[in-house]
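Here is a friendly walk through how to read a protein model. Have the structure open beside you and follow along.

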Amino acid sequence: MMMILVLLGIGANSHSVTRGSPHRILLNTDVDTDDLFALLYLLKLNRSEFDLQGITINTNSWTNAGHAVNQIYDILYMMGRDDVSVGVGGDGGILESGKIQPNVGGYLPIIEQGIGTAGYCRYRQAIPVGLGGILDIDTNYGFRKSFLPQGRRRYYPLQQPTAQKVLIDKISAGPITVLITGAHTNFAIFLMNNPHLKKNVEHIYIMGGSVRSKTPTNCGPQNTSSSCQPQPCRDCGNLFTDDTSNPFAEFNFFLDPFAAYQVIHSGIPVTLVPLDATNTIPITSNFFEVFEQNQHTFEAQYCFKSLKMARDSWFDGNFYESYFMWDSFAAGIATSIMRKLNKDSGENEYAEMEYINITVVTSNEPYGISDGSNPFFDSLKVPKFNLKKGGVHSGHVQMGLRDPFCTVKNGTGRCKYQDGYTEEVNSAEAVQVLVATRAKPNRDSSSTLEKEFYKSFLDVLNSPQQTAKFNFTTQFRYYKDALYKPDFRGKKLGKGVVFDMDLSAGDFLALFYLLKVPVEVINLKAIFVSPTGWANAGTIDVIYDLLHMMGRDDIPVGLGDMFAMKQEDLIFSGVGDCKYKKAIPHGSGGFLDSDTLYGFARDLPRSPRRYTSENSVKFGAARDTEHPELRQPLAIEIWENVSKSLDPGSKITVLTNGPLTNLAKIILSDKNTSTIIQDVFIVGGHINYDNREKGNVINVPSNEYAEFNMFLDPLAAKTVLESELNITLIPLSIQRKVSSFPEIIERLRLTKKTPEALFSRRVLSRLQRLQKMHRGYQHMDTFLGEIVGAVILSADHPTLNSTFQTMRVKIYATGVESEDGQIIIDEKQGKPVKILENVDPLAYYDTFAHQLGEEEQSAVIGSFDEQKQIWSTPVNRTERS
């Protein structure tokens with residue numbers, strides 16, 4: 001195998017531009033794996049020639065904001081580039097009149113953007129949520145936390161620069177080039193709201209679209225030569241989850257077609273690197289093998305190991321025919337063109353170019369119809385943004401997966417094209433765009449690498465200039481993995497408990513409490529994670545870190561279903577609807593904060609345990625990965641293991657702090673559930689006594705009386721409440737009764753200063769401050785109320801003055817948004833449920849704070865800072881077991 005050791009010599013050709021200052025670049029990225037390759041490629045280029053000024057994160061695509069922004073910060077820290085500005089999110093909205101408020105976060109496509117950051121997943125539902133999708137990208141296949149060093153920069157609530165702020169600041173400062181490798185929402189909103197700054201944008205380079213795309217199947221391992229000839233195809237988009245109703249679009253354009261239209265039609269010069277070109281530069285088996293032999297820098301290692309995990313966990317055997325150098329190729333073409341004296345010709349080293357007249361389809365003919373699919377026009381006297389009635393934006397807009405408008409029984413479809421299609425036109429809609437059409441062959445005939453950019457990519461990543469000094473493990477001289485497991489020999493363990501949580505802030509505080517209750521009272525046997533609630537699945541790593549802190553690396557953690565019951569797609573189960581989850585904000589007070597534990601997640605010590613996409617044939621994977629023993633177990637698998645491990649006559653108590661998706665699945669899959677489960681404590685539900693007190697489902701004004709945990713999966717709640725299990729309901733009224741921030745914070749201040757008590761007080765103090773400061777945090781007391789279930793489960797009821805009453809209740813799960821999740825008293829048809837009616841708030845606060853202050857079962861390692869100190873000190877440490 002030839003070793004790639006000769007560096008490319010950036011800017012050494014005869015057509016290079018002599019320039020007094022470097023090209024200023026701004027990258028708008030969705031932080032997918034191939035985006036990381038593009039980012040590291042840019043960071044490696046000579047800064048005297050190319051200066052990456054800022055990064056804005058596209059938050060309605062392949063990653064979630066909280067996970068994406070912290071990964072970007074870590075990459076920049078590794079590369080010594082903490083000077084690069086990073087913008088993500090924002091809580092601004094778009095009024096019905098079309099007025100764009102400052103700091104629109106880009107969490108939603110422009111057509112769905114209203115006031116706030118909650119909304120429907122019209123286009124994003126085409127992206128798989130779990131394996132092979134957002135979960136793997138958020139965690140970079142589980143490899144991110146084991147490799148990237150952690151610096152000081154991180155997401156902080158209300159302090160994180162927004163995407164729009166970074167765009168305005170960097171573009172205002174002078175001429176700049178923009179590279180877009182995700183959906184166009186951020187940049188389109190910038191252009192619409194700041195037309196006076198367009199003059200500073202010299203050029204826009206885009207990876208996206210599909211103009212005259214050809215099938216890439218002839219360019220796989222069976223034919224990796226430069227002469228492979230992709231064949232024309234009829235439907236050459238890449239929406240692999242939605243090719244029945246939309247076979248035309250490419251993901252980056254599809255995820256916000258109207259935004260892509262605005263960017264293409266902005267009047268700024270555009271160079272497009274569509275599927276036409278990227279389909280001609282696949283990750284071939286030969287390139288993969290050469291890359292494997294050429295990992296001479298940490299950044300090259302990160303890229304290869306990420307690529308290897310993508311390959312090993314690929315859903316079928318066609319990785320080499322299906323994975324391409326999408327965004328890195330676009331970065332290479334862009335910087336190569338920028339070096340040339342005559343940029344208008346598009347001359348570059350890596351791709352053949354052609355000017356083509358195109359537009360982006362945003363709606364379907366016939367135009368001017370009103371069928372409820374188009375918020376720009378439907379029910380509005382004046383169309384939003386003053387769009388033209390009967391114009392190209394006024395037709396039917398795709399309503400989600402399997403949109404029947406464009407799919408008929410014979411399977412041929414009736415739409416000429418669909419949302420996000422890059423149409424070649426010669427009408428008034430046409431914009432002349434410079435388009436990359438195919439990758440150029442390698443000029444070095446002796447090289448085993450077939451494409452010129454293959455060589456450039458490896459040379460740049462392996463260059464000793466501007467290289468990382470360390471990764472996570474080499475950052476610390478005495479780094480060593482350690483698992484902390486308790487020794488309970490000689491102790492009589494208490495009742496077995498399984499904790500089912502949806503990763504909200506309150507759930508983590510409840511977990512601290514359960515871990516502090518003496519094991520003679522509570523034996524926490526397992527944790528289930530429900531990604532159908534307040535955080536995304538990748539946040540499971542925060543549980544692993546908290547357990548590591550508390551010396552409980554012995555507790556298994558199971559990952560639950562990605563969708564509420566009946567919300568997954570019937571054809572492709574990895575995708576589905578967000579009918580209920582759409583009520584949760586994406587920005588402040590929502591997923592962004594839950595995924596980062598309001599900025600505190602990175603203060604926890606780093607656990608060797610984490611989510612990984614490692615898998616095995618035994619569990620349905622296409623192949624065994626390198627370390628299948630590290631596979632993330634599912635909740636149902638953990639349940640089966642716990643059930644089998646019970647002593648004869650023993651039972652389990654279940655505490656649920658989120659949607660009941662996991663428990664419902666267990667009930668439906670195990671007929672013996674009632675003989676295994678002693679009791680179920682459900683933190684959730686709102687008893688509607690004659691409409692006297694409202695529920696807490698924000699962002700769904702039509703549903704006034706439901707509680708969030710019931711609303712997020714009403715069918716699961718119905719399944720559980722109608723089961724034969726002994727259920728204790730801790731309703732919203734009780735949660736509200738014990739939701740005084742000043743009282744609980746004061747008691748934590750007075751208790752002993754254990755690491756877990758200090759951490760909990762810091763979290764609660766921040767939630768209280770945020771609630772006072774910003775409208776997006778008005779619901780913070782909801783999370784404070786979630787702790788009560790753990791206390792009731794384990795505490796002495798006389799001490800708390802808690803009282804219960806049995807009532808017959810029924811829950812609505814009809815699919816009607818205005819009533820789903822509501823619980824009513826029904827003496828005739830309802831199921832008997834024990835309901836907590838009263839608790840002494842002051843006794844409750846005392847109990848919680850006192851238990852967290854106990855020195856028994858306290859943290860074995862208090863923080864990431866303490867961990868860093870250990871790893872930096874030459875002291876022999878032994879693994880605890």
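The dialogue below takes up sheets, helices and aromatic rings in turn.

Q: Before we start, what kind of model is this?
A: This is a predicted model, where local features need pLDDT of at least 70, side-chain atom pairs count only at pLDDT 80 or more, and totals for chains, interfaces and linings use all residues. Residues are numbered from 1 along each chain as its sequence is written, and side-chain values use heavy atoms, with hydrogens and water left out.

Q: How do I read a sheet, and in what order do the strands lie in the one with β1?
A: Start with the elements: helices (H or I, at least four residues) and strands (E, at least two) are DSSP runs, numbered from the N terminus. Two strands pair if DSSP finds at least two bridges between them. Here, nine strands form an open sheet with mixed pairing, in the order β3-β2-β1-β4-β5-β8-β11-β9-β10. β3 (85-88) and β10 (422-424) are at the edges with a single partner strand each, so one side of each has no neighbour in the sheet. On average, neighbouring strands of this sheet are turned by 30 degrees against each other, direction ignored.

Q: Which way do β1 and β4 run, parallel or antiparallel?
A: Strands β1 (residues 23-29) and β4 (residues 176-181) run parallel and are joined by five bridges. Look for L27, which stands opposite L179 in β4.

Q: Which strands does helix α2 lie across?
A: Contact means heavy atoms within 4.5 Å. Axes are lines fitted to C-alpha atoms, for helices over the stretch in contact, and angles run from 0 to 180 degrees between N-to-C directions. Helix α2 (residues 65-78) lies across β2 (50-57) and β3, running at about 175 degrees to β3.

Q: What is the strand order in the sheet with β12?
A: That open sheet is formed by nine strands in the order β14-β13-β12-β15-β16-β17-β20-β18-β19, with mixed pairing. Its edge strands, β14 (557-559) and β19 (823-825), each pair on one side only. Strand β12 (residues 495-501) runs parallel to β13 (residues 522-529), and seven bridges join them. Helix α15 (residues 505-516) lies across β12, β13 and β15 (652-656), at about 165 degrees to β12.

Q: How do I describe two packed helices, and at what angle do α5 and α6 pack?
A: Two packed helices are described by the angle between their axes and the distance between the axes. Helix α5 (residues 163-172) and helix α6 (residues 185-193) pack at about 60 degrees, with their axes 10 Å apart. That makes α5 oblique to α6 (angles under 35 degrees count as roughly parallel, over 145 as roughly antiparallel, 65 to 115 as roughly perpendicular and the rest as oblique). In α5, A163, Q164, L167, I168 and I171 meet N186, F187, I189 and F190 of α6.

Q: How should I read a pair of aromatic rings, and how many pairs are there in the whole structure?
A: A pair of aromatic rings is described by the distance of the centres and the angle of the planes. Rings of Phe, Tyr and Trp (its six-membered ring) pair if their centres lie within 6.5 Å; planes under 30 degrees apart count as stacked, over 60 as edge-to-face and the rest as tilted. A search of the whole structure finds 48 aromatic pairs. In one of them, the ring centres of F329 and F453 are 5.6 Å apart and the planes are at 55 degrees, so the pair is tilted. F329 sits in helix α13 (residues 326-339) and F453 in helix α14 (residues 452-461), 124 residues apart, and the pair links these distant parts of the chain.
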